Amino acid sequence: MELQKNTIEVKMHSCFHSTWNARRDQELITFLAGGKCLQPMSLRFEQPIDFQECRIPTGRPLYLSLSGLSDGAEEIFQFTGFEVKDLKLNLKRPLEPECAGWIRAFLKKQDEKGIHGIIEGNVNDRFTGYLEPRIQRFRAAVKTRDHENILNAVNQTAGCGPGLTPSSDDFLCGYISVMPRTEAYAGIRKVIADTAAAKTNDISASLLKHAEKGRFSEDILELFLGFKTKDRKKTESFIRKVADFGSSSGCDFLTGMYYGILDARERKVESIDQVGNQKKCLL
């Protein structure tokens, strides 16, 4: 974002009690009340604030700069200082299987919250039952590495489920998050994110595009640090923090992580086998 150099023109996209979204071209910039978890392309206030009481003008240009937000005539928010945080995840290799086990053990205790029942074969919920076969087809398509297969599978999966960000989109973001940031996965991540973004709402699409670029919220980055320490007790507290995001979004994201870890480990084994077989042939 060019905020550090210029004043940029935005328009109001959507407004909630603790979140306000501005649109700039095809990007969303999110304002967060104090206490909310910092997200990619967001600005967080130090103090709680109810954006719905701020009466921010709709339908006309607003101007965002390092000094604040104005409508060109009056100042809406004034910034007295700021701290920039890097929310980029740089995962080099697949997570260990025990990470998936910790996620599964936690989700097993979360009754009727999202689509995680898929993991245990509990698909009685309407959306879970609808998505389960589509998610399995998506996983099978990713294993083929064929972009056309993946595109078709994502088209049948994205944009489904309750909530501001549909369950299937949260699942896909979680699945993308555990893909190593290597060239081998770059094309697959992009196909998933771009295809899903075109099938869903603006807010969900924004999160998918950030996920493709490796940008995630603070709580998700903390969870990856927890996995790195291999401290189960500490990691479980981070898992809970992610799960508490939204009504079911956090649990749906964790469900995507669970399956993504399993599938990435399987692809790693296949890759090792292929290299090993090649060496045998060459020798």
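Predicted model: local features only at pLDDT ≥ 70, side-chain atom pairs only at ≥ 80, totals over all residues.
Trp20, Phe31, Phe45, Phe51, Phe77 and Phe79 form one aromatic cluster.

Trp20 and Phe31 pair edge-to-face, with 4.9 Å from centre to centre and 75° between the planes. The label follows from the angle, because planes over 60 degrees apart count as edge-to-face. Trp20 sits in strand 2 (residues 19-24). Phe31 sits in strand 3 (residues 27-32).

Now take another pair. Phe171 and Tyr259 are tilted, with 6.2 Å from centre to centre and 50° between the planes. Phe171 belongs to helix 5 (residues 167-177) and Tyr259 to helix 10 (residues 249-282), so this pair ties together parts that are 88 residues apart in sequence. Phe171 and Tyr259 are both buried.

Next, look at how two helices meet. Helix 8 spans residues 218-229, and helix 9 spans residues 232-243. Their axes come within 9 Å and cross at roughly 160°. Helix 8 and helix 9 are therefore roughly antiparallel to each other. Their crossing is left-handed.

Which residues make the contact? Helix 8 brings Asp219, Ile220, Glu222, Leu223, Gly226, Phe227 and Thr229. Helix 9 brings Thr235, Phe238, Ile239, Lys241 and Val242. By class, the contact of helix 8 with helix 9 has six nonpolar residues, three polar and three charged.

Note on methods: Residues numbered from 1 in each chain as written. Heavy atoms only, no water. Axes fitted to C-alpha atoms, helices over the stretch in contact; angles between N-to-C directions. Helix = DSSP H or I, 4+ residues; strand = E, 2+ residues; numbered from the N terminus. Parallel < 35°, antiparallel > 145°, perpendicular 65-115°, else oblique. Left-handed = near helix turned anticlockwise from the far one by under 90°. Contact = heavy atoms within 4.5 Å. Nonpolar A, V, L, I, M, F, W, Y, C, P; charged D, E, K, R; others polar. Phe/Tyr/Trp six-rings, centres within 6.5 Å; stacked < 30°, edge-to-face > 60°. Buried < 20%, exposed > 50% of the residue type's maximum accessible area, 1.4 Å probe, protein only.
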